[in-house]
Amino acid sequence: MLKRFLYLIEKGGNALPHPAILFGILALATLVLSAIGAFFAWHGTHPATNDQIEVVNLLSRDGIHRIILSMVTNFTSFAPLGIVLVAILGIGVAESSGLIRAAINFMLLKTPPAFITAMVVFAGVISSMAADVGYVLVIPLAGVIFHSLGRHPIAGLSAAFAGVSAGFSANIFLAPLDPMLAGISTEAAHIVDSTYTVLPTAYYYFMVVSTFLITIVCTLITEKWVEPRLGKYAGDVQREEIEYPTALEKKGLCMVGLVILGWTILLAIGLVPENGILRGDDGGLLNSPALRGIIALLFLSTASVGIVYGYTVGTFKKAEDVINAMGDNIKTLAGYLVLVFFAAQFVAWFNWSNLGLLLAINGASLLKDADIGLVPLIIIFVTFTGFINLFMGSASAKWALVGPIYVPIFMLLGYSPELAQSVYSVGDSVTNVITPLMPYFALIIVYYQKYDKNAGIGTIIATMLPFTILLYVSWTLLLIGWVLLEIPLGPGSPLYYGA
């Protein structure tokens, strides 16, 4: 039964085209549907303004002119693009200098054995601040550490995999995915309200609390279920020596600590006084450049700590090395830039046609008439997101696809785009560890097979399924409780639209 289920998932996912091609197809489909909708006079009434909304035919003379003249600006003005490019420049310096690798390695090695499972999961979660570094560093290192402590190495791999992949949408720091999703949410919100902006800190408070929830849940699953099920390791892989940081690396980390302290002092000076230079024009914090310009601060801070560490340990010897580090990381975004071009056209055309708005109006009307309430709404959207995640791996690509539907529906029901994004992030994360279509799944198989030559897809899914089930239940309950208690999701991020 399990093999049949996995086979269907693999076949269904493989049948999907490349995300860029998928967005191209959807963009063309939008053109055709706009012509059909205009011909049949599809219309609706905006519940907030009572304006009559009609489908705009993009295959008309005016529509074709607009498509041709706006194709470049659709791409260059796509909200996530600039945000991601700037963020990755700074994070790229920190990663290329070796700082992120050293910090995670040092954190794991300094943890007492009794807390090693929790620290492995926690390190996996926060590794998302450096994009995919967790898959290539934290997961294999966790196997080595567990093995060196006489514990089953596959339990270590599983705990780290759960933290890295199932916890990809949580962190105590901002990660590249956060501004990316926020930019897409902003574009989707413009279908209903052209002035609405979703900040990169859209659900930061919820994200921080989620980090500790994931750490606790995954630690309990590892120690109470996975390890007892695996038993004592009886393989022939010899225990590996763990590499402790060199004196130079320790010095580099100390220097980084001083730089972080300096940044903290500067931010405090700019934000704490009532007339602080980093406060907003109204004297508040929510509209301050420190919050709205968080990506600029992320670039400056990560680049500075990366530069200091790199020069201290010798990975950077001249200024050109820093520039080359930025360039190398920008190269990794080549595929993303192609994807964004097609996604930007789809989002823009979908917006112009009014198809998204009409779909949201009708969908919101159905949900309102059904009177299912907010809690069932959250459960439905978390479950649906988790399901489609089995067939489509990229979190940003999926959000660019469903965000223009999710966000307007939530807004028309009176809920904020930030809440829609939070619901999506929970559903998108919990099934990452059980889908063979996750980009790094093949690499995870290699890690498992190092310690068990017979391990395969079924082995991994059977091991990771408890993580998915319990995280789905606990994380969804956390979000429901959060909403019922009406706690803000993040700085300047309300639960309700128009509140």
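1. A cavity, as used in this note, is a set of points on a 1 Å grid over the protein atoms alone where a 1.4 Å probe fits but cannot get out. Grid points are joined across faces, edges and corners, and a volume is the space filled by probe spheres set on the points. With that in hand, the largest cavity here has a volume of about 60 Å³, and the count comes to one cavity of 30 Å³ or more.

2. A quick word on the source: this is a predicted model, in which local features need pLDDT of at least 70 and side-chain atom pairs count only at pLDDT 80 or more, while totals for chains, interfaces and linings use all residues. Residues are numbered from 1 along each chain as its sequence is written, and side-chain values use heavy atoms, with hydrogens and water left out.

3. Who surrounds the largest cavity? Lining residues have an atom within 4 Å of a point. There are 12 residues in the lining of the largest cavity, and those closest to its centre are I184, Y336, V340, S396 and A400. Two or more residues each come from α9 (177-189), α15 (334-353) and α18 (395-412), with α15 giving the most, four residues. Helices here are DSSP runs (H or I, at least four residues), numbered from the N terminus.

4. The lining of the largest cavity is made up of 11 nonpolar residues, one polar and no charged. In this scheme Ala, Val, Leu, Ile, Met, Phe, Trp, Tyr, Cys and Pro count as nonpolar, Asp, Glu, Lys and Arg as charged, and the others, Gly among them, as polar.

5. Now to the aromatics: the whole structure has 17 aromatic pairs. Rings of Phe, Tyr and Trp (its six-membered ring) pair if their centres lie within 6.5 Å, and planes over 60 degrees apart count as edge-to-face. F39 and F40 form an edge-to-face pair, at 5.0 Å centre to centre with 90 degrees between the planes. F39 is exposed at 67% relative accessibility, and F40 is exposed at 56% (exposed means over 50% relative accessible area, buried under 20%, with a 1.4 Å probe and protein chains only).

6. F381 and Y406 also pair edge-to-face, at 4.6 Å and 85 degrees. This pair links distant parts of the chain, with F381 in helix α17 (residues 374-388) and Y406 in helix α18, 25 residues apart. F381 is buried at 10%, and Y406 is buried at 2%. Both belong to a cluster linked by ring pairs, along with W399, F410, Y415, Y424 and Y496.

7. Finally, the cysteines: the structure holds zero disulfides, a disulfide being a pair of cysteine sulfur atoms within 2.5 Å. C218 is buried at 0% relative accessibility, whereas C254 is exposed at 54%.

Definitions and conventions. 1 Å grid on protein atoms, 1.4 Å probe; cavity = no way out; pocket = protein on both sides within 12 Å on 5 of 7 lines; lining within 4 Å. Phe/Tyr/Trp six-rings, centres within 6.5 Å; stacked < 30°, edge-to-face > 60°.
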